[in-house]
Amino acid sequence: MTGIRTSAAYASDERPESEDLRPETDERPKVSTVPAPTQIEEQALIEATAGIPTFKTTIVKDTFIYTVLTKEADDRIAMTMEKEARTIQKRELLDQRYRERVLMSCVLWPISFTSQLLAQLPAGVEYTLFSKIMAASGMAEPIYGDTRLTAYKEPVTPSAEEIERLRADPRLSRLGLVHRQIKELLVDEDGNSSLQTAAHFIYTAIERGAYGKIVSEAESSPTAADELILKFGVVWPTNFDWDLSPAGWARLIAQGILDLSGFSPNPGTTEDIQLA
């Protein structure tokens with residue numbers, strides 16, 4: 001027995017004998033609330049993303065196109081959520097606000113994706129679509145089944161000479177070097193899924209002085225800590241644009257740097273390659 005009461009539960013038990021108590025049925029065919037995009041509309045959306053990974057999915061009968069949550073968008077949402085957390089005490093409401101902001105930031109189709117439209121959709125769409133975006137952004141386990149619309153790009157790989165140069169640095173050799181490959185889920189035209197390397201990073205541990213600066217700066221901004229951890233820890237590539245990368249990449253590498261710096265009793269994963 002659930003705590004949800006039907007409309008009959010609020011009505012009087014006394015009814016005229018002639019009243020038909022059979023439940024009303026809606027025989028109208030269910031139609032999609034969100035019309036599917038045309039091929040031209042879909043192509044225009046892909047071009048507008050400027051290469052940011054973009055996906056198409058169907059939930060119930062509705063079609064959605066979404067991009068990954070970039071670090072830049074995630075940072076912007078985090079700053080807004082920090083302000084709201086000062087006045088909103090209920091965790092459930094904060095979580096709902098965060099989901100809505102992620103959806104508004106990442107959903108490209110329908111173009112008019114608003115909180116009003118979200119309220120008209122089946123209740124589970126919000127949670128499922130949010131989960132798909134988090135997974136595509138590297139912040140949750142991969143979810144299989146969605147179609148990737150943007151082409152897969154072979155990642156830039158550090159050369160043997162660059163790796164040897166880093167290994168030869170006495171300071172980096174002392175602190176340790178780790179080569180991390182970030183994987184992403186790809187689905188081919190036949191529906192076969194596989195994990196492919198999306199990016200390479202080489203990072204080192206953070207020294208005590210640098211960590212003191214990170215702690216000091218983090219007090220003024222909720223996003224400053226990760227940015228400084230990446231700045232002090234990543235040694236290859238040196239000019240990576242974190243803002244337009246999936247938000248989960250920055251979190252993953254920042255956590256790896258902290259682990260290598262001694263903040264975890266069991267640092268390293270099976271994907272790590274110890275270089276020094």
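Keep in mind that the model is predicted.

Start with helix α2, residues 71-85. It has 15 residues. From its first C-alpha to its last it reaches 20 Å, close to the 21 Å expected at 1.5 Å a residue. Which residues of α2 are buried? They are K71, A73, D74, D75, I77, M81 and E84. These buried residues pack against three helices: α3 (91-106), α9 (224-233) and α10 (247-263).

Next, a lysine. K132 is found in helix α5, residues 123-136. Is K132 buried or exposed? Its relative accessibility is 11%, so K132 counts as buried; the cut-off for buried is under 20%. What does K132 touch, leaving out residues up to four places away in sequence? The contacts are T57, I59, Y66, I143 and D146.

Now the rings. The structure holds nine aromatic pairs. One of them is Y98 with F130, and that pair is edge-to-face. The centres are 6.0 Å apart, with 80 degrees between the planes. Y98 is in helix α3 and F130 in helix α5, 32 residues apart, so the pair links distant parts of the chain. Both Y98 and F130 are buried.

Compare F240 and W249. Their ring centres are 6.4 Å apart and their planes sit at 25 degrees, so this pair is stacked. F240, at 28% relative accessibility, counts as partly exposed. W249, at 11%, counts as buried. F240 and W249 also belong to one aromatic cluster with F201 and W242.

Last, a charge over a ring. K231 lies over the face of F232, at 5.9 Å from the ring centre.

Key
Residues numbered from 1 in each chain as written. Predicted model: local features only at pLDDT ≥ 70, side-chain atom pairs only at ≥ 80, totals over all residues. Heavy atoms only, no water. Helix = DSSP H or I, 4+ residues; strand = E, 2+ residues; numbered from the N terminus. Expected span 1.5 Å × (residues − 1). Buried < 20%, exposed > 50% of the residue type's maximum accessible area, 1.4 Å probe, protein only. Contact = heavy atoms within 4.5 Å. Phe/Tyr/Trp six-rings, centres within 6.5 Å; stacked < 30°, edge-to-face > 60°. Lys NZ or Arg CZ within 6 Å of the ring centre and 35° of its normal.
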